[in-house]
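The following exercises concern the architecture of a two-chain model. Each sets a task and then works through its solution.

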Number of protein chains: 2
Amino acid sequence: MNTDSAAAPAASDAIRDAASVPALERFHAVIPAGGVGTRLWPLSRAAAPKFLHDLTGSGQTLIRATWDRLAPLARGVMVVTGEAHEGAVRRQLPDLQEQDLVLEPEPKDSAAAIGLAAAILSLRDPDTIMGSFAADQVIGPVEVFQDAVAQAVATAATGRIVTIGITPSHPATGFGYIRSGRRLRVEGAPDAHDVAAFVEKPDRRVAERYVTSGRYLWNAGMFVAPVALMLEHLAAHEPDLHAGIMEIARAWDTPQRDEVMARVWPGLKKTAIDYAVAEPAATAGDVAVIPGTFTWDDVGDFAAIARLNPARDASGITVIGDTPRVYSSDASGVVVTDSDRVIALIGIEDVVVVDTGDALLVTTTEHAQDVKKAVESLKARGADDVL
Amino acid sequence: MNTDSAAAPAASDAIRDAASVPALERFHAVIPAGGVGTRLWPLSRAAAPKFLHDLTGSGQTLIRATWDRLAPLARGVMVVTGEAHEGAVRRQLPDLQEQDLVLEPEPKDSAAAIGLAAAILSLRDPDTIMGSFAADQVIGPVEVFQDAVAQAVATAATGRIVTIGITPSHPATGFGYIRSGRRLRVEGAPDAHDVAAFVEKPDRRVAERYVTSGRYLWNAGMFVAPVALMLEHLAAHEPDLHAGIMEIARAWDTPQRDEVMARVWPGLKKTAIDYAVAEPAATAGDVAVIPGTFTWDDVGDFAAIARLNPARDASGITVIGDTPRVYSSDASGVVVTDSDRVIALIGIEDVVVVDTGDALLVTTTEHAQDVKKAVESLKARGADDVL
């Protein structure tokens, strides 16, 4: 069990030996770029997932913005994504190193993706501190985020798995929460706290209690840890998965990579890194948290897009698109378009219109969460061509 | 001034001489097919006006249904339409005779269109009784309509201009009304009445009084009359227009048609047949009315389309289109589509979605009338490519 001192009883030998190298110099960022973003259909879909879109009107895709937040801090940035997205990811990230692109033959959830990244980085340098950050979140200001990451790296260097939790702005019921414990004393990480527990998505009443208490943070799925410690916990809780990713990692920088990947990957267990590593590690007292005071949005649905892109003129319509031609009268809401079709909105409030070549969605911001159900229904009807 | 007898003092000599030929054998229908139907944009537009669409899910365009209602009654059916629609009209009406197609180089409102038809028919056979019926109205049952037309023709044969008025189903404020007068005694037309006056679109309160009184009918713009009488009134009230259409008509069945049409037509006055003929004739006591008890809809906006096409399944969505792929959840309204794109409607009531290749409209049935304003605004912005 951990205490609130800077020493970390559960850390591996490698971590203790590496203490002389400044922590940030050993920091390697990992961006798992998966997840279709079903609630953003038909904009986001299997062939063009959420992270490949500019959802904030910034002119940048979400994965590019994620890269730009992390690259200045890290000695390298690894991307784990589906084979289908190789071309798009390379175009978005021209500075991505060949050795830092991991392509999944099929999706296997976050434990396999992040575990394989940890294993590959560990074999290249066992003292690596990795930090995993999803490719499709909107965060700002960058400097506040980077300060939290730097604190997380400093805390990870003491032999902990460190998550960055988001200070809640409202009693959200769509996220898991992190209950923070005692303040830790870590040099370079004044905000570090122990994690008492990860808790599941609460109902509204419970969420309100969480927010009022001041002790709970949103779980944004950001994990910073020594690779050796990540793999240690993975080996303890998912030994088969650990064995599989280690076998792939040993072949990774050799001519056998493709053969081993093709043979081993399809058999790996699908599970989330939260279950495979973070929650057991928290129970063992090995997890710390840095409260993030930056704004954070996982752009979970089109209501988020309306929120993140306040209407810029008197028309009341937020427009996302390269060449939009939107006319509105007594209307408000969001239009997302990838065409130059004229779109006329008349006498309709809080509408969401998403116009793509082969599919059109019309809903309201209030019903933005229901888009997922619609996609499931379309799937059940065999409309895979537009999913 | 007319009396309620079958004799018609104002009728021309030609009409009295022709009395021996049964009236219906002299009946020639005219279908003016103009009018973009702006309130049905972007479905209806300059290149594809309302009458070229199937708006009732019957499988027939409105102009084809109009033809089918009239052709069995008439010795011929003439169509007056814009040059741009020649091909589409010929494809819709394969039985249209070459001599019965009148193409306008530019739109000139109904007095010129119907007047030219009257003049051409008059020169071919001065005893012709013409009946003019717009190409874009929805009417049923056909037999009830045809009975009204037969009564109108019988009444016209007594030397009157006869309109068919629609028995109002509600106090509409979007139509002009006809105040009927005394019952006429016409053989073959038991329902014929004198017209006391045409009145403009009323406000709601006045419309309610009209409907309660039982003496008012909707003016649907249907006119049946001896061509000679039509031209006589036109000559009296719009002498320049009359001279112009007579000049064109005299050249019509000669090699000079195109030259004369191109020279004279552009200078003709733009005015409605109601002002040029019907209202002055009513003041002169020359107009009768047959009350139509058929259902009638001018499909003025998308709310009408929702009305005319009740939702056919539990989904609550009325779908108009050849190959629609509509998915809905907690939604109601109308979808009109000319594509096979997937359209998903979620959590939105009484919505109107019109999906065409270059323009998309999203509004509500309540705001259906506002579509016209939107089109005017698009025009002002120079978006002519989609109008």
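**Exercise 1: The sheet**

Six strands form an open sheet with mixed pairing, in the order E13(A)-E15(A)-E17(B)-E16(B)-E14(B)-E12(B). Strands are DSSP runs of E with at least two residues, helices are runs of H or I with at least four, and both are numbered from the N terminus; two strands pair if DSSP finds at least two bridges between them. The model is predicted: local features need pLDDT of at least 70 and side-chain atom pairs count only at pLDDT 80 or more, whereas totals for chains, interfaces and linings use all residues. Residues are numbered from 1 along each chain as its sequence is written, chains are lettered from A and ligands numbered from 1 in the order in which they are written, and side-chain values use heavy atoms, without hydrogens and water.

Task: Determine which strands stand at the edges of this sheet, and describe how E12(B) is joined to E14 of chain B.

Solution.
1. The edges are strand E13 (325–329) of chain A and strand E12 (317–320) of chain B; each has a single partner strand, so one side of each lacks a neighbour in the sheet.
2. Neighbouring strands are turned by 10° against each other on average, direction ignored.
3. E12(B) runs parallel to strand E14 (residues 333–337) of chain B, joined by four bridges. Within this pair, B:Ile317 is opposite B:Gly333.

**Exercise 2: The two copies**

Task: State which rotation superposes chain B on chain A.

Solution.
1. Superposition (least squares on C-alpha atoms of residues with pLDDT of at least 70 in both copies) requires a rotation of 180° with 0.1 Å of shift along its axis, giving an RMSD of 0.1 Å.
2. The two copies are thus related as by a two-fold rotation axis.
3. In chain B, B:Val362 comes closest to the axis, with its C-alpha at 4.1 Å.
4. The copies meet through the same surface, because 100% of the interface residues of chain B are also interface residues in chain A.

**Exercise 3: The domains of chain A**

Task: Describe the contact between domain 1 and domain 2 of chain A.

Solution.
1. An automatic or database domain assignment gives domain 1 (13–297) and domain 2 (302–382) in chain A.
2. Their C-alpha centres lie 31 Å apart.
3. The contact (heavy atoms within 4.5 Å) takes 13 residues from domain 1 and 21 residues from domain 2.
4. The buried area (accessible area, 1.4 Å probe, lost on putting the two parts together, summed over both) is about 1,500 Å², with 66% from carbon and sulfur atoms.
5. A:Arg39, A:Trp41 and A:Asp297 supply 42% of the area that domain 1 buries against domain 2, more than any other three residues.

Notes:
Axes are lines fitted to C-alpha atoms, for helices over the stretch in contact, and angles run from 0 to 180 degrees between N-to-C directions.
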